[in-house]
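Hi there,

Here is the structure I promised to hand over. My notes on it follow below.

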Amino acid sequence: MTKNFVIVERQGAVAVLRFNRPEKLNALSPEMLAAIAGNVETLDADDEVRVIILYGGERAFAAGADIGAMAQLSPVEVAQAGTREYWLRIWAVDTPLIAAVSGYAYGGGCELAMSCDLIVAAETARFAQPEIKLGIMPGAGGTQRLARAIGPYRAMEMVLTGEPVGARELHAAGLINRLVPVERILDEALELAQTIASRPAVAVSQARKAVRYGVERTVSEGLELERTNYELLYGTEDQAEGMEAFLEKRDPDFKHR
Ligand code: CO8
């Protein structure tokens, strides 16, 4: 029988994708990564799902790529392992992603959390890019997303020392949206997800695209896309409903189209 590396639970328009390899602290073997990418894609294709939460349980979000599966690989084998494709598929989804991080988010686990749009973390969570201690370096966004989130100097220290940093410090540094007691982690992520899921989905999608696009480009390029997406939203039913509801002093009834 093949193991279910992830378990998907639905709560209305929110899907929780729970990693299920606790005995290895959710180490991201190629099979595990394939399961995450495949399930995220399936949920992304489902119009009923408007936010996806990635959650690893209390002890670990994910302790990184599976070192046992990587130790003997040559550069060509690393390239052929297909993991690059899994990461690209996760990064390509349109549905907002929330990482609910408790315990270890190390290496690829930290990179997976940073692949999400928002990070809710337990006060006990610890983040690290420890690849340097293994003679390698981050390969799935650790040098890029971390530097953009917390600045190049702090990111450089994490990448060059490999030492973990606590959630409190990273909350202050801007990587973490919400810092919560460990027992609140999933509830808090769900509340945040439900709020976003209640917003008009087309506007959420276009706004998300503009933020993500702009982070990688110049301000003027970002402003161009922002304006185009803004104008497009005037063609949606939800824009008419949202403004009408405001003027009529009632709650909007969004249809997500
Ligand atoms: N890979 C494989 N197995 C792991 C990993 C891992 N990354 N992390 C933990 N495990 C296993 C342990 O071997 C152990 O298994 P067993 O019980 O069979 O011996 C089990 O999980 C529990 O772990 P520990 O006993 O070590 O638990 P501790 O609480 O003592 O320690 C730590 C927890 C500190 C997280 C420790 O396990 C650790 O340091 N793990 C390794 C962390 C690490 O170095 N991660 C980075 C890996 S490299 C990486 O992520 C590169 C990503 C690049 C992606 C690019 C792709 C294109």
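Which helix gives the most to the lining of the second largest pocket? That is α10, with eight residues. This is a predicted model, in which local features need pLDDT of at least 70 and side-chain atom pairs count only at pLDDT 80 or more, while totals for chains, interfaces and linings use all residues. Residues are numbered from 1 along each chain as its sequence is written, and side-chain values use heavy atoms, with hydrogens and water left out.

A pocket here is an open set of points on a 1 Å grid over the protein atoms alone, where a 1.4 Å probe fits, with protein on both sides within 12 Å along at least five of seven lines; lining residues have an atom within 4 Å of a point. A volume is the space filled by probe spheres set on the points, which are joined across faces, edges and corners. Helices (H or I, at least four residues) and strands (E, at least two) are DSSP runs, numbered from the N terminus.

The second largest pocket has a volume of about 850 Å³. Of its 28 lining residues, M114, C116, D117, R212 and V215 are the closest to the centre. Domain 1 (6-198) and domain 2 (201-247) each supply at least three residues of this lining, with the bounds coming from an automatic or database domain assignment.

The largest pocket holds about 1,000 Å³ of space. It is lined by 38 residues, and A65, M70, V78, T83 and I136 are the closest to its centre. Here α4 supplies the largest share of the lining, five residues.

Best wishes
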